Amino acid sequence: MASKSCCRTFTALERVLMVLFVLMTGVSVGLIIVMAVSRSSDTTGPEKPKPSEKPSDSSYLIGVGRADCTGPVAEVPLMGYASPDQTAGGIHTRLYSRAFIVANNSERVVFVSADIGMVSQRLRLEVLKKLQTKYGDLYRQENVVLSGTHTHSGPGGYFQYTLFIITSKGYIKPSINAIVNGIVKSIDIAHGNLKAGRIFLNKGEVENSNLNRSPHSYLNNPEEERRKYKSNTDKELVVLKMVDSDGNGLGLLSWFAVHPVSMNNTNRMVSSDNMGYASYLFEQEMNAGSLPGQGPFVAAFSSSNLGDVSPNTKGPHCINTGESCDNINSSCPIGGSNMCMAIGPGVDMFESTKIIGGTIFNKAKELYRTAQQEVTGPLNAAHQWVNMTDVTVQLNATHTGKTCKPALGHSFAAGTIDGVGGLNFTQGSVEGDPFWDGIRDALLGSPSNETQDCHHPKPILFSTGEMNVPLPWHPAIVDVQIITIGSLAIVAIPGEFTTMAGRRMREAVKNELESRGSLGQVEVVIAGLCNIYTHYITTYEEYQIQRYEAASNIYGPHSLSAYIQLFSSLARAIAENKVADLPKGPEPPFFSNSQLISLLPLNPVDKTPLNTSFGDVLIQTLQSYKRGEVVEVTFVSGNPRNSADMAEKTFLTVEKYENMTNSWKVVHTDASWETRFHWIKGTGGQSNVTVEWHVPSTAHPGTYRIQHFGHYKERPNFPPVMKPYEGSSGSFEIYN
């Protein structure tokens with residue numbers, strides 16, 4: 001008997017599907033083969049390196065990092081205005097260190113921009129010491145540049161010279177530790193994030209964001225020189241766009257000349273000011289959905305030749321009469337120089353900060369988007385220590401000049417139109433005052449004839465180079481440094497160059513690099529407030545007028561010529577590949593901790609009002625608010641100085657209730673522009689905190705609350721104990 005068939009009969013539909021399957025398989029295999037062949041035969045350019053690979057000849061390894069460097073936010077003097085009454089009492093925005101590392105197969109350079117007044121010598125030495133411990137000679141004084149944005153609303157207390165110790169209430173370890181740790185951490189993060197990438201340069205002018213606050217000094221520069229420029233300030237914003245090998249954004253590094261003094265000398269909150277606000281806006285946009293200070297993209301807006309440049313664009317006016325006081329002495333008919341202040345462009349310092357920072361951000365955003373000029377080429381770094389009190393300057397073929405021991409003139413005490421100094425000093429003083437000179441001679445001694453002659457026509461108020469008790473009042477050993485990234489040269493200036501001083505330096509360095517080396521056309525940027533602070537550097541002609549900047553030119557009338565000579569030597573060494581032949585120079589002092597004293601009193605044990613606890617609400621929020629209104633709540637608090645390490649943490653949160661998850665979501669911290677954290681010190685160890693939330697137009701309707709976090713000090717025994725606490729407002733509604 002015949003057996004039954006082992007195979008079933010397929011339907012017509014199944015046969016069609018099987019044919020289609022075979023056809024599609026063949027097409028797919030064919031496409032894969034074609035793509036593979038095409039890729040292997042593509043000779044249009046080198047394959048992009050993977051992030052873990054070494055860079056190709058046309059790219060670098062790039063690393064970016066950001067870390068909190070805020071430090072103590074209570075009772076510590078804010079560094080910048082030298083006003084004894086301006087001590088920290090809260091937070092407007094947090095301060096950050098932003099690090100950028102660029103490396104190739106043989107070299108690397110580091111640029112750090114920190115939201116601080118300036119980099120001090122002690123700060124730099126402490127950072128280099130930590131880097132040496134972690135990385136050996138990988139990151140060292142030659143290839144690491146530290147720059148301060150020059151905010152005048154950051155904690156002081158991180159200097160080792162007597163003048164700054166006096167104005168900062170001494171050497172404050174919590175302050176310098178926070179900055180050192182923040183800078184090192186930002187470099188650590190950048191080092192850990194190194195990946196193959198490319199750099200593009202762009203530049204453009206920012207209008208209505210700066211003015212020259214010493215125009216009468218500027219006008220003393222040669223007319224022929226002034227005719228080369230259309231403005232008495234530099235309006236150019238230079239932007240570096242950093243992307244990975246796939247074109248994804250890594251960071252932005254930029255330089256612009258404007259003083260971050262939109263927040264004036266009445267401000268008591270720690271703030272990164274206008275340049276910090278530009279960073280805030282750029283990072284918030286690039287790190288969408290992240291809280292401030294979080295997210296991978298890093299944007300730095302660094303200082304440049306801002307010495308005579310103000311953001312207060314309405315100019316100087318007499319605050320008692322409203323009339324202009326734009327004269328050589330910045331003095332008013334009634335009230336003198338104490339009444340002459342520059343304001344604007346906003347109605348208050350917060351709006352002015354927002355306008356200036358926002359304008360710079362908008363231009364940077366445009367330049368970042370359109371950047372096409374790629375930066376390629378070798379990396380170089382040149383550094384020397386120089387005794388700036390004893391530099392001979394070749395002025396011309398037959399004449400030389402010399403720098404001086406440090407000294408400050410009478411107009412130094414007058415302050416500027418951005419922050420007057422008080423008393424009866426005026427800018428533009430070329431003669432001393434017998435009253436103040438007599439007090440100085442009795443307390444500190446009179447300047448030597450040699451120093452007076454060297455600084456002429458400056459009438460010396462403090463001969464700091466001849467004052468060494470308890471420690472030298474000013475530095476003698478100064479850093480000079482240049483790093484180059486391809487055709488970009490970054491000149492690290494140890495102070496505040498005026499507009500024309502910066503222009504002369506750029507021209508001199510550019511000429512050296514282009515005429516002697518193989519870098520081609522070079523872009524030179526002035527990076528201000530780098531490595532050590534030596535006050536201001538003016539041109540010789542500006543020095544003769546003796547306004548505030550010239551009176552603060554501590555090494556005398558030939559300081560700029562000396563710096564141009566020194567930086568030109570560095571540029572020449574780079575161009576001729578002779579950096580290894582540069583003498584290291586005399587090392588600066590590193591005073592022991594026992595020599596550095598703190599004048600900041602210990603804070604007492606914290607106490608609460610009767611029948612209250614730390615974190616209790618004293619003044620509650622309202623039940624509802626509209627966008628644009630201000631939510632306020634006041635808590636019983638401890639002294640914020642008790643919260644020793646608040647890096648990457650927060651004293652407050654604004655939280656929104658999420659119905660989907662039945663949980664609270666943090667939408668703002670004390671790093672947010674929209675929040676303000678005010679600490680008010682009472683009596684008997686009592687204090688309180690008021691948190692403000694300026695509800696933005698983008699706030700989503702819903703239920704919110706505000707929380708406060710801190711520490712209080714108690715002494716059940718010795719040593720004292722710091723205990724954490726927290727408090728919460730009641731819930732409130734935000735409506736459209």
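## A partly exposed pair

A salt bridge of 3.4 Å, N to O, joins the side chains of Arg-140 and Glu-142 in this predicted model. Arg-140 counts as partly exposed because its relative accessibility is 28%. Glu-142 is likewise partly exposed, its relative accessible area being 25%.

The structure holds 36 salt bridges.

## Buried pairs across the sequence

Arg-506 and Asp-234 form a salt bridge through their side chains, with an N to O distance of 2.5 Å. This pair links distant parts of the chain, 272 residues apart. Arg-506 belongs to helix H11 (residues 499–516), whereas Asp-234 sits in the loop between helix H6 (223–226) and strand S10 (236–244). Both Arg-506 and Asp-234 are buried, which means that each has under 20% relative accessible area.

A further salt bridge connects the side chains of Arg-705 and Glu-655 at 2.7 Å, N to O. Arg-705 lies in strand S36 (residues 702–714) and Glu-655 in strand S32 (residues 652–658), so this contact ties together parts that are 50 residues apart in sequence. Arg-705 and Glu-655 are both buried.

## A salt-bridge network

Salt bridges also occur as a network, whose members are Glu-512, Arg-516, Arg-572, Glu-576 and Lys-578. Two of these residues, Glu-512 and Arg-516, fall within the residue range of helix H11 (499–516), the helix that also holds Arg-506.

Conventions. Residues numbered from 1 in each chain as written. Predicted model: local features only at pLDDT ≥ 70, side-chain atom pairs only at ≥ 80, totals over all residues. Heavy atoms only, no water. Salt bridge = Lys/Arg side-chain N within 4 Å of Asp/Glu carboxyl O. Buried < 20%, exposed > 50% of the residue type's maximum accessible area, 1.4 Å probe, protein only. Helix = DSSP H or I, 4+ residues; strand = E, 2+ residues; numbered from the N terminus.
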